[in-house]
Amino acid sequence: MKLFGVLGDPVSHSLSPVMHNAAFKALGMDCEYHAFRVSADALHDAIHGAYALGFGGLNLTIPLKEKALRVVKPAELAKQIGAVNTVDFKKGIVGYNTDGTGAKMALVGSGIEVRGKNVLLLGAGGAARAIAFQLAADGASVTIANRTEERAVALAKEVGGIGKARGVGLDELKNLVRNCDILINSTSAGMFPNISETIVTSDMMHSSLAVFDIVYNPVNTRLLKEARKAGAKTIDGVMMLVYQGAEAFRIWTGTSPPVEIMEKAVRERLV
Ligand code: NAP
């Protein structure tokens, strides 16, 4: 039996155990995935303990992702993003960040190519960092728009080292939405309990837009409802959650992840 886990604090709400255990079961793998409450102070011991115990791999969530950079050997992208969400033990203790890949795969899985596209990314927090680095590396032109403009400008400066990026505030939103192909909300606007909140409304959107909201609580956010009203294509936050997990599964096991089964397990838990 191989053990896997997610470390965080709090962690009991995590959907990762249900998602990965469904995948292991579907593939008949002798593996189990559990959630472990670990404080930031105990992170070093917890990761090294799991390594010593022969764990197959770990995920990390709030508040451990940034601190983990000092505990593991980070892969290049995780270093650039400044956060680790996946730890693999096959070649020592190596840290990856699969959030950006998860977002990219959520788009690709919905038939949306990112190369050469104008992406308007709302937010400049932890999730936005991962998405901005990934999409810029994949050849998108990324406009980062954030309530606190300086954070957007600072992030765009970093991302500019690997691709096309600029940072702005939220003042010119109407024009920015009109000129983009893909709109991604990576802010917490619209997340429970503020479910009537949205930064962009249907009157600002066009029908050839793809609107991706990474918020998954609720799944059907106000932004996605606005997008449907405008005739735009929609992608919900469950897909990013599933694909970031699928990428971690691939890193740990070298096996192609059963994405549809993982998605079903998560959606059943969210209704
Ligand atoms: P974070 O680091 O705290 O960043 C929050 C961002 O949202 C900041 O840019 C903040 O702007 C902005 N923001 C918050 N409330 C706002 C409002 N009312 N109006 C405008 N901007 C607002 O959070 P995070 O970790 O990046 O997570 C953001 C959201 O993504 C959460 O809902 C989280 O659950 C979700 N998420 C989903 C996935 C997935 O797999 N689907 C993965 C990660 C995160 P300021 O800089 O101005 O404060």
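## Asn 97 and its surroundings

Leaving aside neighbours within four places in sequence, Asn 97 is in contact (heavy atoms within 4.5 Å) with Leu 77, Ala 78, Ile 81, Ala 83, Val 84, Asn 85 and Ala 130. This is a predicted model, in which local features need pLDDT of at least 70 and side-chain atom pairs count only at pLDDT 80 or more, while totals for chains, interfaces and linings use all residues. Residues are numbered from 1 along each chain as its sequence is written, and side-chain values use heavy atoms, with hydrogens and water left out.

Asn 97 belongs to the loop between β6 (94-96) and α4 (99-109), where helices (H or I, at least four residues) and strands (E, at least two) are DSSP runs numbered from the N terminus. With a relative accessible area of 6%, Asn 97 is buried (under 20%, whereas exposed is over 50% and partly exposed in between, with a 1.4 Å probe and protein chains only). The side chain of Asn 97 reaches the backbone oxygen of Ala 83 at 3.0 Å, and a polar atom of that side chain lies 2.9 Å from the backbone nitrogen of Asp 99.

An oxygen atom of the ligand lies 2.5 Å from a polar side-chain atom of Thr 148, and an oxygen atom of the ligand is 2.8 Å from a backbone N or O atom of Ala 127. The elements that give two or more residues to the shell around the ligand are α5 (126-137) and α9 (237-253), and α9 gives the most, with three residues.

Notes:
A polar contact is a pair of N or O atoms within 3.5 Å; within protein, one must be able to donate a hydrogen and the other to accept it, and residues adjacent in sequence count only if both atoms are side-chain atoms.
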